[in-house]
Structures are given as structure tokens and as C-alpha cells.
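Q: I have a sequence and a structure open side by side. Can you show me how to read the packing inside?

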Amino acid sequence: MSRPPTQVHPSLTPDWNNLQVIRRNRLPPRTSFFNYENEKDALAQNLDLSTSHSLGKSGKWMFQLSKSPLEGNIGFYTQDFATLEHSSEWSRIQVPGMWQLQGFGKGPQYTNVNFPFPVNPPHVPIDDNECGRYACRFQNPWPADKDPDAQIRLRFEGVDAAFTVWINGHYVGYSQGSRNPSEFDVTRHLQPPGEADYLYVEVYQRCDGSYIEDQDQWWLSGIFRDVWLHRFPKVRFEDFHVQTLLDDKYEDAVLQVDVEVNDTAKVALKLLDADGKEVAAKTEEGNDSITFAIPVTKPQKWTAETPYLYTLTLSMSGCAVSQKVGFRRVELLDGVFCVNGNPIKIRGVNRHEHHPDFGRAVPYEFLRRDLLLMKRHNINAIRTSHYINDYRLYDLADELGLWILDEADLECHGLFVVGGDGTKFTSDNPDWEEAYVDRARQMVMRDFNHPSIIIWSLGNESGYGRNHKAMAKLIRDIDTSRLIHYEPDWWAQSTDMISRMYFSVKDMEGYAKDRNWSKPVVMCEYIHAMGNGPGNIKEYVDMFYKYPRLMGGFVWEWANHGLRTKTKDGKEYYGYGGDFGDDPNDYNFVMDGLCHSDHRPTPGLIEYKKAIEPVQTLGVEDGNKVRVINRYDFVGLGHLRCKWWLVTDGCCRSGGDVRVPEDFPPHTEALLTVPGLPNPKHLPPDTHLNLEFSLASPTNWADAGHIIATGQIQLTKPTPPNLSSQPLTTLPQTSFFSTSVTQPNLQISSTLGSTWEFDLASGKLSSWKRHSDASSSNILATPLDFALYRAQTDNDSHCDFGRNWNWRRLHQAKTHLTQIEWDNNNAGKREVTVHVRSRIAPPVMNWAVEVDTTYRFFVALEPDNQDEDGAVQGRDVISIKARFKPVGNLLPRAWGRLGLVFGLAGACDTVRWFGRGPGECYRDSKMSQLVGNWEASPDDLETVYEFPQDNGVRTDVRWVEFLSGGADAEEKATSKRYDKMNNDKKEKTGGVSEKSQGDNRRLLRARYGGDLEGASFQVLRYTTADLDKATHPQDLDEKRREMKAEGKVEVHLDWMHHGLGTGSCGPETLDEYTLHAGLEREVEILLD
């Protein structure tokens, strides 16, 4: 009796686990274009069926998910569609879309580097590979009698990660390469026009290609870009490539168009200018390939600043296509990166495709809003990290004017953390060559015709090996008009430039100063924008413009990738790694953008806009002239309007217009005359000249009046209050202080009504009451204390500063009393002095800060504080002067801050200050916020980061006051300031109106002494400890509600604050912004 034959399952290696199969029946890649019936329709570019030969298949499809391709309804493509529609095992799903974001599967998973499955290239697990099965009904809409030999193509713009297609039960093909398009000839599989056709698609969560799709983003799956049916006539355009060959003078050009047809055809070419006027026309006949070479005299040039587009049409009988054309030339001149003969500087961002609800299935309007936001924030370039984007992004970049570094869909970072030589797995493995080359081919062939693309990139973080060399060779075989980039090719063996990530300013300057160089250097990633930051942007940008070799850089990255979700009790928030039960995960490292997850700007984007603004204001010269730099690459400043005004404390004086010369060449300096600018000798202290450069006319990305750049120049120095002496001889004779001790408190009383108490056990000022009667409440919700620590930002916790603070227990440091002494109890004293010696120290450690603090209680006369008869009144004031001396072993490297902290009671609802504002600003991230008078509520002072961290600081503050509405008239806030500028109307931001100042009661005012630069304040409805513990914004909601109900805020008054830096992935803050811990310091402040 014979034995049964051996059974094997699966009987064949699945295509998705077979390195030898990248595609089956997929048509060769082509440029992204749509077919139209005639030239008129092609120019209109209306994708309606009545004019185009295209049918979109977006909408609701039938869907079923299984845990593995070998489970579930395996033969679904042979089943009757009506059966699937009525089956309880099938659901509806939106296409385009990601199935994890529509309630299917295990949910989203985030990793930065690591693979979320066992690493065994090219194999992915069979049993842990979700499989999404899609089905939809459609009809061939094109009459058969019009062109019975037409070809019908099915095109998928993007499917993650691999997929197989059937139509009407017939096998169509297979493809992988998630972010690349796939097109199939389905003509023979379709029913006659008018009859129903059924499309079945099986999508695999993972495939062998997943090993080279390990980008820093969510692992999401599905048909996430559009699906199209395209009708191609019997004689048709297969493809066409457009090149604009400018001469060496960059004046005239040859328009070269290489057309590929499938048969003998007569093709008519037209080139129209932006007004629709015909510039050139020619007809050629040929078989398979036709080349046009048409001279064009003095064409308008395309740049990111002048995105002038012509329109090209190609027509033959029954078929027409159109393409926007920009004349430009990309090259290295003496090693300098140039476009149209001009050096350019990249002021760019890395952009992942992201939507908070739809993941990588980004709606067109959301995409368009992204690019408009970039233009409005002076960004001029995008790196499509790390894959080719939705084809419509490139159309928008052509139209709006953005340089594009187009990057192949390639990254295998996770292969370099599993031991051994990571390049041997794939990048330097000949078995993977076609997988790599296919991605380069797909990129270049699809995006060839876009003038915005100036650089091709071989991918990201995949080592460097033979397969990258093969990619570069293929690209150059197809296109010699652009340069090639790839960061891991450190010595630029295959590329046209050196690329670096997260190098320090000093290290980049080393490249810039190298005397023996032939290729430029670009920072493909820098100033990591994670959480609160980035800091010290300006230093990088100034360096780029200083050195010709440096091309500029792309910030990492454009936006946080948070996905909208809800807590168990229904609170909405943006989730990151681990919030969806995903393990392994890389936590909140996906929250590292210049925009929040809903793509609203963060303070980091506002600061980046300022750092890269194309008009830089340097200073005043020759009395009324201002030196500015034009940092545009191609245009002058004639398209801008400039206004000036003056700002000083309590006043904002309108100036007028400044004439901007038309002939102001790029990358040069010039002097602008400010008409009517007063002599600084006649100006009050701390007066600033403000300049604002805005669009004189509307553009296709912003309205007239949109602000491009601002400048602020200090004309006169501030005069800090003299905290050591006051005009005591002019005080009313009735003004005096007394002291008394009622254990455990020292009480100080003033005849003006204030009483203060020191806790004798702690040495801290614990109470301050404005009136002596029993109804008066203590405005100090918690005692006045010193603060050295801030809640860690992402840029702290990921770098040595944060680790050092933890190791040195800075967050646990507390103030311990050594001794307190005060003036004896003698009534009638004109002032009282309390001297406190204390020690700030943590447990376990030996280091400490010895603090000598002198509190002076006195009455000061203030001309702005008058009674009803106009008589000048006195005000109770505390002068606090402190000397800090660090001692002991193992001091922290730096303090987070150096200042006072206390809880403020009294229902503060308004904060006013003179300093930088209105937005958040820190020591190394403040130039976007101008000095002026500002006002905000405590809630508006908070920046709600999607991962909670220190926020809301305002710096370079001269004074700040905290107000509560609806109180007695005698406690109104300062409302009558000296106006030495003829009481000009406060019509610009930077002035606070008289009416708003008179409506509130002052709870407290702080005036800083000494060097005012760096003096800061912060107002929050939670403590530093609360903030450090929180991992999501909603973690602080209860504390916010509690403190608001109790009328409390936590106030920090800092003399100094540590810089932000970019240490989450890159350099920590620069030395000049570091609050070094080893220095002795003396500081002072006035409170009243």
C-alpha cells in the first residue's frame, strides 16, 4: 500500500514573502497624468467623466479583516458580490483610508527604529500579518463603440504594504512598495460597458518590502490613496518627459519633450504662457518615441520665489494631455548649489503624510492647507520624508513655489540595531538590488515633470551599499537635470552633496571652513522640533547664509503625528506610541513637529518663521537709517511694504511707511531711511523701533498685508528700578512699620494696611494681606520660595541635562532654613529688613546652594498712583535681594531656572507685562516675540503641548502684574503712565489700552532689577511636580479646574532661565544659553 504524498502548506511561498516577486503584471511606471478627449478639456483639467478619461473609485467598499492571509475568507474573489454585501462577516470601509483608524485590527503601532515583528529578512511572520480584503462594484462608463480597442487601466496611487487584485474573479496582478503607484491593464477582464464589474483586492499588512519601509511613523495599513480607472485610447500617450534646457547665460532655453506613444502617431505640442498666450507650437509624427526640441526666447524662470508656470499640451486624435512647465536649471557652480545660476539657501522642513483622523490618507484640502501654512511661515522647501508623497503635493509645490527634495520610499533603520552589519541584510545584498532600484525608478518616472523637484534622494537611514549605487546609476540614466542626495553616503560617493543630521553649529561650521571641497553640504534633518522648542535656530540659519558651501537645512519635522482618540470617559486627545496598546513602541517620539497634531502652529513654528525670514533687520545707522539684509535668493524687496513705529513702556507711537527700494539685490545689505525717526536723546528709556515688512499685493498663498518679517531695534537702554534706595525723605510722616512675633510667625505691619508673615520654621514669606482687617485674604496661596528646577521638556529629558538633573536630584531640591533675623520690635520704623540664610539642597546628594536673602519692607512714592485729588500716594513694597553660592560635590551641570515660585490667590484673571510677547519665549527661542506691553489671561499664557512639559514662559520682562477684575477703585491697576510721546494713540500691538487697565484690581506686581535680559515669568494652573508627572494634557485637567475654582495660579518669577536647545535628537542648548550651576549670582526684585 503506497503512502500518501507529502502535504506542504502553504504550497508556494506567498508573493508577499518572496523577495523574487516585487510585482506581477504591473505596467511600467509613468508620469502622473490624466487623459482627456481634446486640448480644450486637457487645459481645463476637469476630472469629470464628461471631459476626462478617468473614473475615481473613492468611497465605501466592502471589507473583511483576518489575522493572516492564510485565514478568513481566502477565496472571496470568486464569491458573488451580493453574498458578501449581505454577510455579517463583512463591513463597510472608507477608501482611501487606513483600516486601523476605522476600527479594524490591532490598532495603530508606532516605532521609530525597531521593527514590530521578528527580524528575519526577507521573511515576515505568516501568522502575524493582518490581511484586509476589499470588494467593490463598478461599471465601465465608456461606450465600446467609441473606441473598441481602448485600453482600461486600474491604478492604485498607494497601498500599504502589498496587495493582490482580481476583477470578476480573474487574477489581475500583485504589487508592493507602499507609497508608490501601481497600474494594471484590466481591459480583458471587464464586462461590456453598462454591465456590473466587481473588483477584489487583498491587502497584506506586511511583506518582504516592509524591511525597507521602516520609516519613523505609525505602522498603518490599507488602500490609503486614490484608486482610478483610466481609459487610454488605442493610439495613446504612454509617457512623456519635459526638460527645460537653459543656456549658460540663463536667458534662453530649449524646451525638450520626449514623448512615448504605443503606435505611429502625429502629436501636436503647444506651450502657453500664464495668460494663455501661445508661446510655441509644433507637430511631429513618429512611432514609439517622438522628441520635440523647441527654442524659447527669454522664458520667465521658475523658482520657489517666482513660480511662473507655462502650460504644455500634447494632442493627438482623440487624446490630449497637459502639464505645467517651469523653466529652471539645477547645478553645482564651483561646488555651490545653484538654481538658474543663483546660489540658493534651503529653509525647509521634513514632511510626513499625516492627518490626526485618517493617518496617511490625507485629504487634499488638508494637504493644501499644509503647504499654504509653510509659505506663510517663510518655508521654501520640503523633504518628502521618507517616501514619495501624494502626487498632488507636487502640483501644489509647482504652483505655490516650494523646492522639493523628493525621497524614495526606502528606510531599513531597524536592521542596524539587531547586531551584525546592518548593510549586509539588504543595502549591500545583491538579492535586494531590484527591490531598491524599483523604488528609485518609481519615484523618478512618476515625478519627472515637476519643476519644484530639484533633488532626488535615495531614501533614509539604510546604511550605504551596492544597491544605493545601483539606484543612483539608474536615476542618472533617466535624468541628468537634477542632483542626488542620500545622507548615509557620508563621503558623497554616489551623491552630489554631503548630507548631515543633527550636527552642532560648530561641527557644521567645520565643514563650511574646509578649504578643499567640491560638493556642498545640506542638513537633511536639524533642530529637532519635539515638544517645547527648538532652541538656538538663529545660529544655524545665520551660519547657512555666512558660508557658500552650506545649502541650508530641513527641520525635523513639520507636524506631530498624534492620532485623535478618547479616554475611557470620553475625553478627546491625540495619542502616541503605547496609547493604542501597541507594544513595542517608541512612546511620544512621534510628537516632534513644528505643528500640533491637528497642524496648528506651535511656538516653534513661529520662531522658525522669524529665524528664516527673508528680511533681516540689523541696526540703526546715521541717525534715521536702518540696515537690513535681503535674504531672498532671486527677488528684491519691491513686493513688500514696510511700516515703522516706536514702542516704550505704556506707549506705542505710530510712525509711517518706509520706502523699500526696488533694486535691492538678493543676499545683499542696504540702508532704509526711516522718515521722522526721533533722535534717541529725546526718547524715554527702553524705547524700541519696530519694523514690519508685509506683502504689498496678494499672492496665491497669502493676502496683501500678510507679515513676512519683523524687526525690532532697541534705541534707548532700560533703566531698572533702583532697588537699593528709595526717596524715603519724602514719605508722609504717618508711614511706618512694626514687627511682632506670634509663634510660629513673624508679622510685619504697615500703616498703609499691608501685613506680612514669615514662617519662622522655614524662613519663608507665607502671608501677604493688603488690609489689616479680618476680612482681608492672603494673596500667597503657597509661601514664597526659590526655584532651581523646571518641568523637563522633551529637549531636556532626552539629553544630558535632563539625565543630569535626575541623577543630581534637582527636582527634589528644597529650601531649608539656616537662620532668620529681623529688626527689633520698634513701632514707627520707616522700613523693616529681614535677613534669611537658607540652603537649597536635595536628599542623598552633598551639593547645595547657600542663599543669603534680604527682604526690605518700605513705602515708595509712585506718580502713577494718585488719589481723587491728584495727590501722589505711597505703596507698600518689598525689595528682595538674594545671593546664591553653589557648594558641595556633584553639582548639576545647570539649573533649569533661578527664581521665585509661589501660589497666588485672589482669582487672578489678567496678567500684564512689559517685555517680550505676546507668545511663549525662552532664552534661546525668543526673537519672534517683540518687546512691548502685553496682556493675557492665565489660561491663555499656557501652551498645551500634546506631551506635557514646561511651557508658557515670557522672557526679557521688565515688569509683570497680576490682576483680578471687579475690585475697589483704590486698588486699580496702573492706569496713568508717563507718556513722553505726546500721548499718541496706541494703535499697534505692544500698547495696553487705558480702559482695560482701569477695570482690574492689582494683586501683585513684580519689577526686576539688574540685567533685564532673561528675566522671565510663568503662570500656570498646576505645579511643576504636576507637570512632570503628566503624560497627556488631560492628566492636568482636574488640577486646572481645582485651582481655577479656588482662584489660584502658580507663579514663577525667574531672574534667569535655561535654554531649550534641541537635545531630544541633536545638540543641547548652546553654552551661551546654558544656566551654568557653578557660578555665584546676585539678583533682586521689587514686589508690590
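Q: Which residues is Tyr608 in contact with, leaving aside its neighbours within four places in sequence?
A: Contact means heavy atoms within 4.5 Å. Here Tyr608 is in contact with Arg347, Gly348, Val349, Ile379, Tyr526, Ile527, Ile537, Gly553, Val555 and Leu594. A caution: this is a predicted model, where local features need pLDDT of at least 70 and side-chain atom pairs pLDDT 80 or more, while totals for chains, interfaces and linings use all residues. Residues are numbered from 1 along each chain as its sequence is written, and side-chain values use heavy atoms, without hydrogens and water.

Q: Which residues touch the most other members of the largest nonpolar core?
A: A nonpolar core is a set of buried Ala, Val, Leu, Ile, Met, Phe, Trp, Tyr and Cys residues joined through side-chain atoms within 4.5 Å. Buried means under 20% relative accessible area, exposed over 50%, partly exposed in between (1.4 Å probe, protein chains only). The largest core has 114 residues, and Leu371, Tyr526, Trp558, Tyr608, Leu689 and Phe693 touch the most other members. A second, separate core of 64 residues includes Phe758, Leu780, Val960 and Tyr1008.

Q: Why is helix α10 described as largely enclosed?
A: Helices (H or I, at least four residues) and strands (E, at least two) are DSSP runs, numbered from the N terminus. Helix α10 spans residues 603-611, and seven of its nine residues are buried, so the rest of the structure largely encloses it. Tyr608 is among the buried ones, along with Gly604, Leu605, Glu607, Lys609, Lys610 and Ala611.

Q: How many aromatic pairs does the structure hold?
A: A pair of aromatic rings is described by the distance of the centres and the angle of the planes. Rings of Phe, Tyr and Trp (its six-membered ring) pair if their centres lie within 6.5 Å; planes under 30 degrees apart count as stacked, over 60 as edge-to-face and the rest as tilted. The structure holds 46 such pairs. Take Trp302 and Trp403: centres 5.6 Å apart, planes at 75°, so edge-to-face. Trp302 sits in the loop between β18 (278-296) and β19 (310-316), and Trp403 in strand β26 (residues 403-407), so the pair ties together parts 101 residues apart in sequence. Trp302 is buried at 0% relative accessible area, and Trp403 is buried at 1%.

Q: What is the geometry of the rings of Phe758 and Phe857?
A: Their centres lie 6.0 Å apart with planes at 85°, so this pair is edge-to-face. Phe758 is in strand β43 (residues 755-759) and Phe857 in strand β48 (residues 848-866), 99 residues apart. Both Phe758 and Phe857 are buried.
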